[in-house]
Amino acid sequence: ITMPKHEKHGDSHFWIISAIHKSIRGSDPDAAIYWLARALNAGEDPNYIFRRLLRISLEDIGLATIEAQRVVLDNWSTYERLGPPEGDISLVMATVFLSLSPKSNAVYLAEKSASDFAKRYHADHPPKHILNAPTGLMSDFGYGQGYEYDHHTKVGFSGQNYFPDGMKRQVFYLPVDRGYEKELKKRLSYFTKLRDHLSKMSEN
């Protein structure tokens with residue numbers, strides 16, 4: 001059998017790793033494990049593949065399947081204990097699991113969006129009511145005044161503003177209707193509506 005040409009730092013390396021990644025993202029376990037087998041047969045470092053799988057669990061699956069990271073890490077640990085070739089099946093298990101997991105890149109997009117926004121608005125201070133006032137002078141200036149301890153409210157939620165004063169409220173995290181993130185979307189909607197309701201009550 002002639003082994004396929006595979007340069008660890010050449011185009012074929014990146015092509016095959018990208019094929020694994022995109023097959024998982026496309027929820028095609030058969031294609032994913034085909035490219036995985038190609039990578040292993042060509043001598044690719046399994047630890048490099050596991051690092052890529054861990055990245056996929058964060059970037060492409062996120063909170064839609066909250067156990068995805070743990071599955072990758074557990075299989076990685078199994079591989080380290082067994083070694084090749086017996087441990088290769090742990091790579092296959094992680095790959096199949098990720099391929100068939102509900103997926104969302106909402107957290108990945110939120111991180112990028114928040115980072116870009118923070119770079120543009122990097123000089124604003126937190127609102128005074130959420131800052132501690134360790135000195136009397138700071139208290140005189142209003143630090144810590146008006147802060148509501150969420151656990152002491154009836155619903156465990158104060159609805160206070162945590163963005164800088166004068167800054168329009170931003171939305172970075174937009175969960176999808178897949179997997180566990182569907183439940184998180186319901187929670188986010190609940191808090192958004194409750195925040196609006198409490199805000200209107202405080203204005204009256």
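Are α4 and α5 roughly parallel or roughly antiparallel to each other? Please describe the helices that surround this pair as well, and then a few individual residues.

Modeller: The model is a predicted one. I shall begin with the pair named in the request. The axes of α4 and α5 cross at roughly 170 degrees and come within 8 Å. An angle over 145 degrees counts as roughly antiparallel, and α4 and α5 are therefore roughly antiparallel to each other. On the side of α4, the contact is made by A68, V71, V72, N75, T78 and Y79, and on the side of α5 by D88, S90, M93, A94, F97 and L98. Sorted by class, the contact of α4 with α5 has eight nonpolar residues, three polar ones and one charged one.

The loop between α4 and α5 deserves a remark of its own. P85 is found in this loop, and the peptide bond that joins P84 and P85 is cis, with an omega of about -5 degrees. In general, most peptide bonds are trans.

The next helix to consider is α3. The axes of α3 and α4 come within 9 Å and cross at roughly 170 degrees. The helices α3 and α4 are therefore roughly antiparallel to each other. From α3, the residues P46, N47, F50, R51, L53, L54, S57, L58 and I61 take part in the contact, while α4 contributes A68, Q69, V72, L73, N75, W76, Y79 and E80. By class, the contact of α3 with α4 has eleven nonpolar, four polar and two charged residues.

A further contact joins α3 to α5, the helix of residues 88-100. Here the axes come within 11 Å and cross at roughly 15 degrees. That angle makes α3 roughly parallel to α5. The crossing in which α3 passes α5 is left-handed. The residues of α3 in this contact are P46, I49, F50, L53, I56, S57 and I61, and those of α5 are S90, L91, A94, T95 and L98. By class, the contact of α3 with α5 has nine nonpolar and three polar residues, and no charged residues.

A pair of aromatic rings is described by the distance of the centres and the angle of the planes. A search of the whole structure finds seven aromatic pairs. In one of them, the rings of F50 and W76 have centres 5.5 Å apart and planes at 10 degrees, so the pair is stacked. This pair links distant parts of the chain, since F50 belongs to helix α3 (residues 46-61) and W76 to helix α4 (residues 68-82), 26 residues apart. F50 counts as buried, with a relative accessibility of 0%. W76 also counts as buried, with a relative accessibility of 14%. Ring pairs link F50, W76 and Y79 into a cluster.

Another residue of helix α3 is R55. At 40% relative accessibility, R55 counts as partly exposed. The C-alpha atoms of R55 and V72 are separated by 9.7 Å, and the two residues are 17 residues apart along the chain.

Some residues elsewhere in the model may be set beside these. S27 lies in the loop between α1 (11-25) and α2 (29-41). Although S27 is not a glycine, its phi is positive, at about 60 degrees. In general, most residues other than glycine have a negative phi. S27 counts as partly exposed, with a relative accessibility of 38%.

A118 has its place in helix α6 (residues 106-120). With a relative accessible area of 39%, A118 is partly exposed. From C-alpha to C-alpha, A118 and Y149 are 26 Å apart in space, and they are 31 residues apart in sequence.

Lastly, E181 is found in helix α8 (residues 179-203). E181 counts as buried, at 0% relative accessibility. Leaving aside residues up to four places away in sequence, E181 touches L63, A64, S104, A106, V107, Y173, P175 and V176. The C-alpha atoms of E181 and H122 are separated by 30 Å, and the two residues are 59 residues apart along the chain.

To return to the request, α4 and α5 are roughly antiparallel to each other. The helices α3 and α4 are likewise roughly antiparallel, whereas α3 is roughly parallel to α5.

Methods: Residues numbered from 1 in each chain as written. Predicted model: local features only at pLDDT ≥ 70, side-chain atom pairs only at ≥ 80, totals over all residues. Heavy atoms only, no water. Phe/Tyr/Trp six-rings, centres within 6.5 Å; stacked < 30°, edge-to-face > 60°. Helix = DSSP H or I, 4+ residues; strand = E, 2+ residues; numbered from the N terminus. Buried < 20%, exposed > 50% of the residue type's maximum accessible area, 1.4 Å probe, protein only. Axes fitted to C-alpha atoms, helices over the stretch in contact; angles between N-to-C directions. Parallel < 35°, antiparallel > 145°, perpendicular 65-115°, else oblique. Left-handed = near helix turned anticlockwise from the far one by under 90°. Contact = heavy atoms within 4.5 Å. Nonpolar A, V, L, I, M, F, W, Y, C, P; charged D, E, K, R; others polar.
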